[in-house]
Amino acid sequence: MSFGIEAASYYVPSLYLEIKDLAEERGIDPAKLEKGLGLHKMGFPDVHEDAATFAAEALLKLINDYQIHPKDISRIYLGTESALDAAKPTASYVMQMVEKVLEKELGARCFKNCDVVDMTFACVGAVDALHNSLDFVRVNPDKKAIVIASDYAKYELASSGEYTQGGGAVALLISSQPDLLEIENHWGVATESVFDFFKPRRHYKKEELISSPESFPDKIEIFTDEPVFDGQYSNQCYQDRIREAYQHYKEVSGKDKPYEAWKYLIFHLPYAFHGKRVFTEIYSLENGLSYETPDEQKTVAKSENYLQFINNKIEKTQRASSEIGNMYTASVFMALLSVLQTSFNENEELAGEEIGFLGYGSGSKSKVFAGKISGNWKDVVSKWNLFENLKNRTAINFETYEKLHRKQLDQSVNQNYKGFGLQSIELFNPVLKGARYYAHQK
Ligand SMILES: CC(=O)SCCNC(=O)CCNC(=O)[C@H](O)C(C)(C)COP(=O)(O)OP(=O)(O)OC[C@H]1O[C@@H](n2cnc3c(N)ncnc32)[C@H](O)[C@@H]1OP(=O)(O)O
């Protein structure tokens with residue numbers, strides 16, 4: 001019996017900013033962002049959009065496109081690091097939004113007996129949700145699970161993370177009928193607790209702070225959906241963890257040089273060119289190349305063999321990321337959609353091909369695993385129209401972008417939007433303070 005992904009859907013925010021507009025305003029050479037990091041457009045949520053609406057859109061599309069009956073779904077696990085609440089899972093908002101739309105047809109609470117939860121480990125949380133859901137269907141082969149990855153990657157204005165912002169969701173149907181991808185049960189794992197990127201949420205008193213100069217206010221607030229991060233250190237942690245997880249994968253799978261057998265390598269992509277930039281180390285280790293000094297590292301990165309390797313096994317996975325930006329938990333799955341959509345459009349035959357995944361979440365953990373493309377993959381991909389849909393988004397100018405970022409707009413840019421939207425947040429009723437209310441516009 002085989003297990004894996006039966007179907008997949010996605011949602012990307014309805015707005016975008018051209019990366020060259022951001023570069024111009026910030027005084028950055030556009031070539032650095034476009035040719036150095038592979039960024040072209042940055043997906044950005046409208047006023048009514050958040051990680052819950054992204055996930056609800058992806059879930060509803062999955063249900064409609066593949067005619068899934070909600071009662072057949074035993075669990076919905078949401079990987080996210082953009083949780084809207086520290087107790088009530090974002091997945092519960094998502095479930096309720098979709099239930100309301102389906103109410104007319106199916107009656108109230110169609111997910112009443114569904115096990116719904118969030119999983120958080122920075123960008124690898126949805127890989128964890130996938131791993132868990134696969135374990136679940138392996139034990140219960142007659143049951144199905146849905147994994148959703150949904151996030152809004154937001155960084156401080158004018159920070160070095162700003163140009164890597166983005167967002168969106170990918171939803172996957174996990175079952176014993178893997179029409180898209182059969183996933184093997186070998187998992188390379190590497191974990192180390194580090195502070196490369198994190199989102200502390202609390203108020204600190206001055207005496208609690210390790211370093212607090214006299215001029216500090218008595219209380220400081222670190223409460224943000226924007227992370228605290230050290231970019232180059234996070235790159236290093238990513239590289240270290242994927243090297244360790246890849247090594248572990250080799251041990252548990254007994255495979256020698258597994259990447260050579262992989263037709264495509266699917267990375268967590270905080271920006272489009274990240275995977276190809278960090279894989280140089282594993283590539284060097286596997287091929288006995290010197291990789292100690294920056295000069296040696298550059299030699300590997302610029303070598304004819306490595307460039308060809310990128311072109312053959314990574315380039316197609318980057319294309320959607322260039323148009324969207326970072327989707328945190330959803331990035332690794334969007335890289336999968338990107339390559340499959342591109343291959344579909346180019347009439348490439350992929351059935352039976354093996355692909356490898358290298359997931360990473362700051363904080364930090366990597367998971368490395370592999371799968372085989374199924375005979376029916378084209379039927380699944382035929383519903384996506386990924387690159388056409390990316391063309392249907394609305395461009396915003398820099399001024400609107402900054403206002404949206406600062407939450408200074410009262411009304412949506414697209415006031416006639418269709419789909420899910422946040423309507424209001426309860427601010428006054430003490431027993432509902434902070435409750436979020438959503439609706440669906442036809
Ligand atoms: C969240 C996670 O997943 S952790 C892993 C990634 N970390 C993050 O995403 C955290 C948030 N992001 C950031 O901190 C930053 O945006 C980073 C770390 C991703 C990138 O940092 P930067 O300092 O902007 O870029 P960096 O110097 O690393 O790379 C720029 C690239 O552009 C190239 N470049 C610079 N200028 C130009 C130019 N004019 N033309 C062409 N290429 C250029 C550089 O050579 C370099 O590429 P190379 O190393 O392959 O040669």
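Which residues are linked in a network of salt bridges? They are Lys 263, Glu 315, Lys 316, Arg 319, Glu 346 and Glu 348. The points below start with the basis of the model and then return to this network.

1. Basis. This is a predicted model, in which local features need pLDDT of at least 70 and side-chain atom pairs count only at pLDDT 80 or more, while totals for chains, interfaces and linings use all residues. Residues are numbered from 1 along each chain as its sequence is written, and side-chain values use heavy atoms, with hydrogens and water left out.

2. Salt bridges. Side chains of opposite charge can pair when their charged atoms come close. A salt bridge here is a side-chain nitrogen of Lys or Arg within 4 Å of a carboxyl oxygen of Asp or Glu. The whole structure has 27 salt bridges.

3. Lys 263 and Glu 348. These two members of the network form a salt bridge whose closest N and O atoms are 3.5 Å apart. Lys 263 lies in the loop between helix 7 and strand 14 (264-267), and Glu 348 in the loop between helix 13 (331-345) and strand 15 (354-361), so the pair ties together parts that are 85 residues apart in sequence. Helices (H or I, at least four residues) and strands (E, at least two) are DSSP runs, numbered from the N terminus. Glu 348 is buried, with a relative accessible area of 16%, whereas Lys 263 is partly exposed at 28%. For these words, buried means under 20% relative accessible area, exposed over 50%, and partly exposed in between (1.4 Å probe, protein chains only).

4. Lys 255 and Glu 184. In this salt bridge the closest N and O atoms are 2.8 Å apart. Lys 255 sits in the loop between helix 6 (231-253) and helix 7 (258-261), and Glu 184 in the loop between strand 8 (181-183) and strand 9 (188-191), so the pair connects parts 71 residues apart in sequence. Lys 255 has a relative accessible area of 26% and is partly exposed.

5. Helix 12. Residues 315-324 make up this helix, and 8 of its 10 residues are buried, so the helix is largely enclosed by the rest of the structure. Among the buried residues are Lys 316, Gln 318 and Glu 323. Lys 316 also belongs to the network of salt bridges. Gly 325 follows helix 12 and has a positive phi, near 95°.

6. The largest pocket. How much space lies in it? The answer is about 1100 Å³. A pocket is found on a 1 Å grid over the protein atoms alone, as an open set of points where a 1.4 Å probe fits, with protein on both sides within 12 Å along at least five of seven lines; lining residues have an atom within 4 Å of a point. Grid points are joined across faces, edges and corners, and the volume is the space filled by probe spheres set on the points.

7. Lining of that pocket. There are 38 lining residues, and Asp 225, Lys 407, Leu 422, Ile 425 and Arg 436 lie nearest the centre. Helix 16 (398-405), strand 18 and strand 19 each supply at least two residues, and the largest share, 4 residues, comes from strand 18. By class, the lining has 14 nonpolar, 11 polar and 13 charged residues.

8. Lys 407. This lining residue is in the loop between helix 16 and strand 18. Lys 407 is exposed, at 63% relative accessibility. Its phi is near 60°, a positive value in a residue other than glycine.

9. Gln 67. Here too phi is positive in a residue other than glycine, near 45°. Gln 67 lies in the loop between helix 3 (51-65) and strand 4 (73-79) and is exposed, with a relative accessible area of 72%.

10. A cis peptide bond. Gly 363 and Ser 364 are joined by one, with omega about 10°. Ser 364 is in the loop between strand 15 and strand 16 (365-373).

11. Is Phe 267 buried or exposed? Phe 267, in strand 14, is buried, with a relative accessible area of 0%. Asn 311, in helix 11 (residues 304-313), is exposed, at 52%.

Methods: Ala, Val, Leu, Ile, Met, Phe, Trp, Tyr, Cys and Pro count as nonpolar, Asp, Glu, Lys and Arg as charged, and the others, Gly among them, as polar.
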